[in-house]
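Subject: Structure handover

Hi there,

Here is the structure I promised to pass on.

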Amino acid sequence: MNKNHYVIIMAGGTGTRLWPVSTSRKPKQFHDLLGVGKSLLQMTYERFLTKFPKENIYIVTNKEYENLVHEQIEDIGSQQLLLEPYKRNTAPCIAYAAYKIASENPDASMVIAPADHLILKEDIFHQSIAVALDSASKNDQLITLGMHPNRPETGYGYIQYIPDSATIKKVKTFTEKPEIGLAQKFIESGDFVWNAGIFIWSAKSIIKAYETYLPDLAEIFADGDGQYFGTNENLFVNKAYTQCVNISIDFGIMEKAENVFVLLADIGWSDLGNWESLHEIREKDDQDNAAPKNVMNFNATGNIVTTDKSDLVVIQDLHDFLVAEQDGVILICRKNAEKEIKEIVNAVKAEKGDSFI
């Protein structure tokens with residue numbers, strides 16, 4: 001294990017597209033969505049634990065999830081749990097972690113990974129990460145992993161790369177969540193991949209990028225030098241976040257920088273971002289229903305059912321539906337109703353308050 005290699009796990013999202021299971025009180029990364037006895041966060045942490053020094057794995061999350069992280073990752077060190085006082089998207093959270101790590105080890109190279117993604121081919125994943133870390137430690141590169149698309153997905157970002165013989169390819173353009181027609185053209189062109197949101201770079205390269213493209217954030221977190229790893233770190237961070245803009249790393253840096261590269265990787269990846277993607281992954285019966293053993297199906301196909309309390313659920317004549325029960329909330333809707341679920345969540349919040357959200 002290389003002492004200069006670090007991991008930053010981002011675990012602060014709320015995952016509203018998987019409501020009512022994923023809520024603001026307990027987002028999807030803290031749930032066992034796959035029925036394997038481990039949450040997505042635990043699976044992500046253990047994945048990196050096999051290849052990285054334990055003390056070099058950092059988790060960035062919102063302060064309100066501190067207890068959840070400690071419950072699920074019991075051996076995480078206090079200095080490795082970075083608590084954000086406010087939700088400010090990915091650019092501030094990555095800056096916090098990168099500047100903190102660099103203050104202790106300026107020669108660090110790091111992997112940035114969401115806590116809630118599924119990776120089925122872990123051996124290939126680790127091989128890809130090793131290649132990217134080696135390149136990032138020697139070159140001024142901002143590297144992202146690109147997934148070969150198998151459908152015109154409108155919920156993902158796309159990366160267009162310059163096709164050549166290089167293992168790590170130069171990025172030409174980024175496009176965030178295109179309309180279906182444009183996504184189809186991307187698939188047909190052959191030089192677009194999905195942006196998995198997994199990044200690899202050296203501390204020097206990402207700090208240089210912040211100084212160039214997000215100088216206000218660079219100044220804010222550079223002021224923490226001398227505060228990180230000290231008793232006043234929380235006080236500094238609480239003040240710093242009041243000054244942070246709400247912006248993603250993709251929009252703030254990756255779409256603007258000239259030294260962005262992509263490593264194409266077939267790692268069995270899914271971001272488990274909605275119920276339809278979860279249906280694809282879960283074990284299904286001969287009628288294509290993804291449901292626990294307490295569910296009885298009668299002329300029902302292609303459904304996904306999840307319950308937390310009911311002893312018995314019976315569904316009849318449902319096709320491609322979601323039936324989700326969690327903490328006293330039941331949602332029944334089309335399985336692919338991603339946009340509608342967002343609207344439902346907003347309506348529930350407006351009419352019933354935050355208690356169900």
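Is Y96 buried or exposed? Y96 counts as buried because its relative accessibility is 1%; buried stands for under 20% relative accessible area, exposed for over 50%, and partly exposed for anything in between (1.4 Å probe, protein chains only).

Before the rest, some housekeeping. This is a predicted model, where local features need pLDDT of at least 70 and side-chain atom pairs count only at pLDDT 80 or more, while totals for chains, interfaces and linings use all residues. Residues are numbered from 1 along each chain as its sequence is written, and side-chain values use heavy atoms, with hydrogens and water left out.

**Aromatic rings**

A pair of aromatic rings is described by the distance of the centres and the angle of the planes. Here, rings of Phe, Tyr and Trp (its six-membered ring) pair if their centres lie within 6.5 Å; planes under 30 degrees apart are called stacked, over 60 edge-to-face, and the rest tilted. By that rule the structure holds 16 aromatic pairs. One of them joins Y96 and F221, which are stacked with 6.2 Å from centre to centre and 15° between the planes. This pair links distant parts of the chain, with Y96 in helix α3 (residues 90-104) and F221 in helix α7 (residues 215-222), 125 residues apart. Helices (H or I, at least four residues) and strands (E, at least two) are DSSP runs, numbered from the N terminus. F221 is buried too, because its relative accessibility is 0%.

Another pair, Y228 with F236, is edge-to-face: the centres are 5.7 Å apart and the planes are at 90°. Both of these residues are buried. Together with Y241, the residues Y96, F221, Y228 and F236 form one aromatic cluster.

K100 lies over the face of F229, 4.6 Å from the ring centre, and K256 lies over the face of F251, at 5.2 Å from the ring centre. The rule for a charge over a ring is that NZ of Lys or CZ of Arg is within 6 Å of the ring centre and within 35 degrees of the ring normal.

**Salt bridges**

Side chains of opposite charge can pair when their charged atoms come close. A salt bridge is counted when a side-chain nitrogen of Lys or Arg is within 4 Å of a carboxyl oxygen of Asp or Glu, and a search of the whole structure finds 17 of them. Among them is K87 with E64, at 3.9 Å from N to O. It links distant parts of the chain: K87 sits in the loop between β3 (81-84) and α3, and E64 in the loop between β2 (57-62) and α2 (66-72), 23 residues apart. K87 counts as partly exposed, because its relative accessibility is 33%.

K138 and D134 make another salt bridge, with their closest N and O atoms 3.1 Å apart. Both lie in helix α4 (residues 122-138), four residues apart, about one turn of the helix. K138 counts as exposed at 60% relative accessibility, whereas D134 is partly exposed with a relative accessible area of 39%.

R151 pairs with E280 in a salt bridge whose closest N and O atoms are 4.0 Å apart. Here R151 is in the loop between β6 (142-147) and β7 (157-161), and E280 is in helix α10 (residues 275-281), 129 residues apart. R151 has a relative accessible area of 23%, so it is partly exposed; E280, at 45% relative accessibility, is partly exposed as well. Finally, R17, D271 and E338 are linked in a network of salt bridges.

**Two loop residues**

D116 is found in the loop between β4 (109-114) and β5 (118-119). With a relative accessible area of 15%, D116 is buried. Its side chain is joined to that of K28 by a polar contact of 3.5 Å (a pair of N or O atoms within 3.5 Å; within protein, one must be able to donate a hydrogen and the other to accept it, and residues adjacent in sequence count only if both atoms are side-chain atoms).

W19 is in the loop between β1 (5-10) and α1 (40-49), and counts as buried at 4% relative accessibility. W19 and E325 are 306 residues apart in sequence, yet 9.6 Å apart in space, C-alpha to C-alpha.

Best wishes
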